[in-house]
Structure formats: C-alpha cells, structure tokens
Amino acid sequence: MASRSFIRQAIGAAVVACLLSSSARAASLAGMSLPDSYIVDGQSLVLNGVGLRTLTIFGIRAYIAGLYLPRPSHDATQILASGEPRVVILRFLRSASKARIETEYRAGERNNCGQGGCAAADKADFERLIAAAPAVERGDTSTYVFTATGVQVFANQRLIGNFANKDLAYHLLAGFIGPHPPSQQLRRRLLGLPES
C-alpha cells in the first residue's frame, strides 16, 4: 500500500515538473527565441504563431516575430476586430540603423494605408512613433501591446510610445496579419496556418 502511495506521489511530481517546464519553454526560430506566453494586465496571452521576416530577393533574415492572443486563433479579421489584448514581439536577427527602421515603418504605412487608407489623425502619432523608434542590434526586441483603446510600443522593454489611438493600433497590427503584410509567409506563421 505504501509503495502505491509513493508511486502516485512520484507520478504527481513528474506531472507537475512537466507542466512547469512546458510553461517556461520558449519558441525558437533562426537561432532566437520568444517566450511561450506574455502577461498583459495580469492576463496571460499564448503564443499563437512565430514567423521569420526576410528582406530582399536574397532572403536576408531581419527578425523573428511572435503573435500573442488570449486564445489561439487563425482568423485575422476576428483578431484585428477584437478588443482583447494582443501582442506582437519582434526579436532582431541583425542590426539596423534608425534610418532603416524608419524606412520599414514607412513601407508598412504605404502598403497598409495606400492613398488615404488611414485616418489623417493618425499621422501625428505615426510620426511620433517613428521619431521614438531606435536603431537595433542583434537580439534587441520591439514589442507592440494592442488593447481596446490603442497601442503601447516598447524597445527592449522600455516604453517608447503610448498611443490612445485605436485606428493606429489597428493598422500597426494589420501590418503583420492584415491583407498587406511584409510577407504572406510571415502572416501565415503568425496566424498559425500551415504553409501554402
């Protein structure tokens, strides 16, 4: 009888150890890792998908990105419309100058706003974001925390912008998972969809 009790306790301890180790895991891609969860105002978000952003026809690896949601979803329209917290983390695979970061932001604006696709009121906040965005080194992170009221932007866990602007938040998130992402492969991976 005592041996059965010991076996049950050992199995229970093993299960707890497995659960603890799985919650501490990190998703890895291209030699970099992202956490499996992210906490926003006490709410734990799960990693929905992780993808690689490449530049130019030569496939230069720029960053890995992870999308965090309250629960897994493959539906970009629903994710974009949600008032729940959502997070995108970028971990850079190479350094980039401030000018290069600005170029990427402006390319995203052109792709997602086109001719008048974004509200004119977003312009001032967008310019403030570009002005605050620093150059990056390998291993640096940029984090976008999307809420029902707007978006907070962090560079290496340091707040660089807090925008109470739902439209700007929508377009920044759409820049990753909307109809005009930096790459369709990155979009599919963030949404947890299989390769096409």
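**Close-ups of helix packing and cores**

**View 1. Lys-98 and the residues around it.** Lys-98 lies in helix H3; helices here (H or I, at least four residues) are DSSP runs, numbered from the N terminus. This is a predicted model, where local features need pLDDT of at least 70 and side-chain atom pairs count only at pLDDT 80 or more, while totals for chains, interfaces and linings use all residues. Residues are numbered from 1 along each chain as its sequence is written, and side-chain values use heavy atoms, with hydrogens and water left out. Lys-98 is partly exposed, at 36% relative accessible area (buried is under 20%, exposed is over 50%, and partly exposed is in between, with a 1.4 Å probe and protein chains only). Skipping residues up to four places away in sequence, Lys-98 touches Ile-130, Ala-131, Ala-132, Ala-133 and Ala-135, where contact means heavy atoms within 4.5 Å. Lys-98 and Val-136 sit 38 residues apart in sequence, but 7.5 Å apart in space, C-alpha to C-alpha.

**View 2. Helix H3 meets helix H4.** The axes of H3 (residues 98-113) and H4 (residues 122-132) come within 9 Å and cross at roughly 155°. Axes are lines fitted to C-alpha atoms, for helices over the stretch in contact, and angles run from 0 to 180 degrees between N-to-C directions. H3 and H4 are therefore roughly antiparallel (over 145 degrees; under 35 is roughly parallel, 65 to 115 roughly perpendicular and the rest oblique). On the H3 side, look for Lys-98, Glu-102, Tyr-105, Arg-106 and Glu-109; H4 brings residues including Phe-126, Leu-129 and Ile-130.

**View 3. Helix H3 meets helix H5.** Here the axes come within 10 Å and cross at roughly 95°. That makes H3 roughly perpendicular to H5. Tyr-105, Asn-112 and Cys-113 in H3 meet His-171, Leu-172, Ala-174 and Gly-175 in H5.

**View 4. The nonpolar cores.** A nonpolar core is a set of buried Ala, Val, Leu, Ile, Met, Phe, Trp, Tyr and Cys residues joined through side-chain atoms within 4.5 Å. The largest one has 37 residues, and Tyr-105, Tyr-144 and Ile-177 have the most contacts inside it. Setting aside neighbours within four places in sequence, Ile-177 is in contact with Leu-67, Ala-76, Ile-79, Leu-80, Arg-187, Leu-190 and Leu-191. There's also a second, separate core of 16 residues, with Ala-27, Tyr-68, Ile-89 and Val-145 among them.

Methods: Helices (H or I, at least four residues) and strands (E, at least two) are DSSP runs, numbered from the N terminus.
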